[in-house]
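User: Hi! Could you walk me through this one? I'd like to go over the sheets, the helices and the interface.

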Amino acid sequence: MDSINTKLESRLGSMVMSNPIVPASGTFGNGKKFQSFYDINVLGAVLSKSVTLESRTGNPQPRIFETPFGIMNSVGLENKGIDWFKKEILPFLTTLKTKKWVSISGFTTQEFVDLAESLNGFPIDAIEVNVSCPNIHAGGVQFCQNQNTLKETLHKVRKCSNSFLIAKIALETNPLDEAIRIISDEGFDAVCLGNTVRGLAIDVVNKKPFFKKTIAGLSGPAIKPIALRAVWEAYSFNPNLPIIGCGGIMTSSDVLEFIMAGASICEIGTANLIDPFAMPNIINSLSAYCSQNAISLRELVGIAH
Amino acid sequence: MIEKTNSTILSNEKLASSIYLLKLKLKEQVSEILPGQFIQLACTGNEVTLLKRPFSIMNAYNDTIDILYKVVGKGTLNLSQMKASRELELLIPCGNYFSTPTSSGVNLLIGGGVGIAPLFFLTKKFPDCHFDLWYGTSRKNERGPIDNWTGSNVKFHFHSDWNTVSNVEEFQGTILDAYKENSTLTPSKIYTCGPTIMMNKITENWKNKIPIEVSLEARMACGFGVCLGCSFKTTSGQKTVCSDGPVFNGETVVWESL
């Protein structure tokens, strides 16, 4: 890793970070495995695997399907629950020098509230509230796809939490401008766009959906233009709401595109699964770009508009 | 410790119908490689692939590793078309490994298809142990010259599920059927690798009698335990094939979850 390049310093609202590279939740475990590959303090922040109130065994096999330029997954938020997370993972995270973000996923508004409230007082820098989860009280419709539910959930989470709050919404959120307005109005500090895109694969031998849960999440380069479009639109609607771009970002060039479209920070997901060194490589490459062009990344945010 | 490194193809030989032997020369020295461990190999070619593919290690010596593979999808199709001197990126060594075989009795090895690979490595790593190796393939034409490469510490048996008799394909029974009909051995330990259903049946057959180690196969994304794409149920909770395994005590596996 090169020495720290101040031109990579990035700001997500009030949060100052050494660089804009953060792992996407679910592609980084809780950081320990990556620590054996490289010092994860080089990242702008670490983001733990999404945690739920109760332990979950996740979805049945198969869970992975590769498509041209993408990967579909049906992991189903497998995790050991918030109590285990606080006991086994938070102590590790607090030893890190870089920013510590925690992802929470609920299946009801109250679950989000309970999760956010239970993290009060812990030395973490942000909570990413994964409102692209299905709401079991609304027939499985994602929280972000219903304006009333989204507003109620974000309102209650904001009221109970003293953390820096990020709303992670689906790329397909419609209408996006209304969701952006709600996120801003409810006092959230940033929006993350987005999560995997809902997709389907058919097993033609068995003549059935490949995944037992039928619909799975598509990630990787296949969804990059969709994510980039969403970031562009969100920045157009409200350039004052800090944006985290996420979706198919594989290279430093991809990061630059997202920053120029309006993202301040980028989450790297699928690339971590293909190459565990993807994030430090991207940081080094961004550092070289900034030095060669005598420019800082902050100057580039939204510049393409 | 898993390392990312580059390798050069020394040879990529077709042994039998859709079965290949790949020899890779590693560019850097890595941690000791043990039987049961696997590699995650980049198989980029004409067919678009993103993820690395997991392959059992058939042998490791000096800075060379042998990989036995069957063409089953895009990644292995790409691999089958690669020539010597091509460079391939890989993660090595991944996963856990088989326990040390017994030196006082006989170790029974049952391999289905390319599942023979890690069992073959076990016989090479422990030349002073005795092995009764049963190698089953679905078709006779998938048999390679593997029996010619086994050492004097191995008694080799071959069986194919289907054989051609009077120009007609006839079902001959599974490798487990063949073993039961033809062997009077009382093994001290059992190691198996191959199709999930085969390993399940083998575990059922010797459950509570003889220790059984199974090397599982699964679709994987990362190969080092972060994505949980290969997570399945065991009697002691969810485990990942790639990082907690691929080798497990067969009696702990909840087979329906694979």
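Predicted model: local features only at pLDDT ≥ 70, side-chain atom pairs only at ≥ 80, totals over all residues.

User: Nice. What is the strand order of the sheet they belong to?

Analyst: The order is β11-β10-β9-β8-β12-β13-β16 (chain B), an open sheet of 7 strands with mixed pairing. β11 (168-171) and β16 (247-249) of chain B are at the edges; each has a single partner strand, so one side of each has no neighbour in the sheet. On average, neighbouring strands here are turned by 25° against each other, direction ignored.

User: And which strands does helix α2 of chain B lie across there?

Analyst: Helix α2 (residues 116-125) of chain B lies across β8 (106-112), β9 (130-139), β10 (154-165) and β12 (189-193) of chain B, and runs at about 155° to β8(B). Helix α5 (residues 196-206) of chain B packs on the sheet too, where it touches β8, β12 and β13 of chain B. Its direction is at about 165° to that of β12(B).

User: What about the sheet with antiparallel pairing, what order does it have?

Analyst: That open sheet of 7 strands in chain B reads β4-β3-β7-β1-β2-β6-β5. Its edges are β4 (53-56) and β5 (59-61) of chain B, each with a single partner strand, so one side of each is left without a neighbour in the sheet. From one strand to the next, the twist averages 35°. Inside it, 6 bridges join β1 (residues 3-16) to β7 (residues 87-94) of chain B, and B:Ser7 has B:Leu88 as its bridge partner in β7(B). Helix α2(B) turns up again here, lying across β4, β5 and β6 (64-70) of chain B.

User: Switching to chain A: at what angle do α4 and α5 pack?

Analyst: Helices α4 (residues 147-160) and α5 (residues 176-185) of chain A pack at about 20°, with axes 9 Å apart. They are therefore roughly parallel to each other, and their crossing is right-handed.

User: Which residues make that contact?

Analyst: From α4(A) come A:Gln147, A:Leu150, A:Lys151 and A:Leu154, and from α5(A) come A:Glu178, A:Ala179, A:Ile182 and A:Ile183. They divide into 5 nonpolar, 1 polar and 2 charged.

User: Last one: how much area do chains A and B bury between them?

Analyst: About 2,500 Å², with 62% of it on carbon and sulfur atoms. The contact takes 31 residues from chain A and 28 residues from chain B. On the chain A side, A:Gln61, A:Ile64 and A:Glu66 lose the most area to chain B, together 25% of what that side buries.

How values were computed
Residues numbered from 1 in each chain as written. Chains lettered and ligands numbered in written order. Heavy atoms only, no water. Axes fitted to C-alpha atoms, helices over the stretch in contact; angles between N-to-C directions. Helix = DSSP H or I, 4+ residues; strand = E, 2+ residues; numbered from the N terminus. Parallel < 35°, antiparallel > 145°, perpendicular 65-115°, else oblique. Left-handed = near helix turned anticlockwise from the far one by under 90°. Contact = heavy atoms within 4.5 Å. Nonpolar A, V, L, I, M, F, W, Y, C, P; charged D, E, K, R; others polar. Pairing = 2+ DSSP bridges. Buried area = accessible area lost by both parts, 1.4 Å probe.
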